[in-house]
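Welcome! Please take a moment to look over the sequence and the structure shown here, and then read on for a short tour.

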Amino acid sequence: MRGIMESLYEMFIFRRENKFLNNVDPRMKFLTLIILMTPIFLTMNPLFYMAMFLFLLFQTFTLANSRRIFFSLKGIVKLLIMFYIVIYIFNAYPNFLNLEAAYFSFISIFRFFLLVYMFTLFFTTTYIDDLAQALYKLKVPYHVAYALVLSVRFVPTVARDIIQIYDAQRSRGLELDKGGFFERLRKMLPILIPAFIISILRVDFVAEALESRAFGSSPKRTFMTELKLRKHDIVYILLSFAYVLTTYTLIEGEVPFLTWM
Amino acid sequence: METVIEVRNLSYMYPGGIVALKNVSLDVYLGEKLVILGSNGAGKSTLIKHFNGLLKPQRGYVKVFGVDTRKASVAELSRKVGIVFQNPYHQFFSEKVWDEVAFALKNFGYSEETIKYRVTKVLRLFDLYDYADKPPFELSSGEMRRLAIASILAYDPDIIVLDEPTVGQDRIQKEKLKEYIRLLSLQNKTIILVTHDIEFVTEGFDRIVVMSNGMIVGEGSPREILYDEELLRKANLILPQIPEIALKMGDSAVFKKKPLTEDELLSLIVDILGVRK
Ligand SMILES: Nc1ncnc2c1ncn2[C@@H]1O[C@H](COP(=O)(O)OP(=O)(O)O)[C@@H](O)[C@H]1O
Ligand SMILES: [Mg+2]
């Protein structure tokens, strides 16, 4: 619980870092995310998944703050292991010594893991305000884009709240890891209720703060730093595209994206 | 003096890479009223979360009544060390004030009868009995703070840790708080007050430990610490008003007496002026 919240915190907190990925234009990064994501839904070939995994690892080590990204993933991996067990039970029922189910469940989780990894890479390296600006430039109304900013911006805040609440309730003798399944669910209430209440109260504060600074009084707006496409943005997306294209074609024996047309 | 909490060479780094504690060693003695003083981000909350095992030492060790916190569960340690956290909103979830206080007692498995007795007693002590059926969120901020303390005191821990209890409280609430601390102390409780509110600790405490940047940078009696301008400056704190006025008087008698309260200052002034014999 604490671990998962700490991972979420690391994933969504904003820190300026001078790494390559942090400086890629968010529009290109988002396009790249889609290019990387699509073929994962086209195949269930573990070889291809492995190729994608290696590509993500490569980016993590050379283009980003790898320490932070691995920490963000750590909590998620724990969660995935739990998911795996659940999925396995569903797939294997009623025969619980089932290699096929084990394999199939593994692939499903692997696919999910890759998606999470991609989003982690995206969010740990993207300043969410830049993403809002990108959306605005794509003619999305700013108040809609800003709703996205707010939802992401408050993930670390809520994660910190939950850590605090968790600590406070454990200090009052709450033992989450004792009792049966339903007992444990019930024990989540002392953690979830304060978290909801604090979040609802916070919505009010944020609304007041926005209004007092005339948010939305004009549909047009300017930005302190304007997004500009640069050469390295294009290089990044092209190289990513080339990698996906080549590995997919080699492994699957057909060209992705083309088959759709 | 019997040591109740023993902290040795404790270091702790948060996942983001922030080193919140660096080689901290500290003894807390039975029955004392200890202050852990430090500016925001000094590492105070991180330190006290080690006292009931919420955080486990990454380096060094913490022993509570001789038991290594790594070898005991949070629930076991919490029965001895009650921590009241800074923000009451981080713990209230019940529909009624009564249930909020009963929560820990239920978790620790007390009988219905004991629970009824203890909740009544602690609500009376904190002037909250009339609100027993009210939702905690409808209380004023001073009442909320008291309820948070009451919900811990209900199960009668030997050591009580108060994390920033004065935040957002007006002067009257603070005076009341001090009164409660004095009451607890009379019952031989060990009290650890964690704060950056230097004015609050001028009176009624036995010892002050100063933290800065994850380290303990000073330790001594309130009279020593609150007159140590250099130490306080290093810890990003400023002198409380009375020592500041006293030091500005520049009289040698100031250093002999080191007044901390209004009355002490007044009698010093009277002495110096020689108005009364
Ligand atoms: N859950 C956390 N994750 C990462 N960093 C944290 C966390 N909690 C506290 N910190 C950091 O550790 C340092 C010490 O914090 P804390 O112990 O809360 O200080 P204090 O209570 O003295 O204000 C601060 O720099 C704070 O930002
Ligand atoms: Mg604190």
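This is a predicted model: local features need pLDDT of at least 70, side-chain atom pairs count only at pLDDT 80 or more; totals for chains, interfaces and linings use all residues.

## A word to start with

A polar contact is a pair of N or O atoms within 3.5 Å.

## Around ligand 1

Ligand 1 has residues from chains A and B around it, so the site is shared between chains.

A polar side-chain atom of A:R160 lies 3.1 Å from a nitrogen atom of the ligand. For B:T46, a polar side-chain atom is 2.5 Å from an oxygen atom of ligand 1. On its own, ligand 1 exposes 560 Å², and the protein buries 78% of that.

## Where the chains meet

Chain A brings 24 residues to the contact and chain B brings 28. Together the two chains bury about 2,200 Å², with 60% of it on carbon and sulfur atoms. A:R170, A:S171 and A:R172 supply 32% of the area that chain A buries against chain B, more than any other three residues.

## Links across the interface

Two salt bridges are found between chain A and chain B. In a salt bridge, the side chain of A:R172 meets that of B:E100 at 2.7 Å, N to O. Eleven residue pairs are in polar contact between the chains.

On the side of chain A that touches chain B, helix 8 of chain A gives the most, with eight residues. By class, this side has ten nonpolar, four polar and ten charged residues.

How values were computed. Residues are numbered from 1 along each chain as its sequence is written. Chains are lettered from A and ligands numbered from 1 in the order in which they are written. Side-chain values use heavy atoms; hydrogens and water are left out. Contact means heavy atoms within 4.5 Å. Buried area is the accessible area (1.4 Å probe) that two parts lose on being put together, summed over both. A salt bridge is a side-chain nitrogen of Lys or Arg within 4 Å of a carboxyl oxygen of Asp or Glu. A polar contact is a pair of N or O atoms within 3.5 Å; within protein, one must be able to donate a hydrogen and the other to accept it, and residues adjacent in sequence count only if both atoms are side-chain atoms. Helices (H or I, at least four residues) and strands (E, at least two) are DSSP runs, numbered from the N terminus. Ala, Val, Leu, Ile, Met, Phe, Trp, Tyr, Cys and Pro count as nonpolar, Asp, Glu, Lys and Arg as charged, and the others, Gly among them, as polar. A residue is near a molecule or strand if one of its heavy atoms lies within 4 Å of it. Accessible areas come from the Shrake-Rupley method with a 1.4 Å probe; for residues, only the protein chains shown count as cover.
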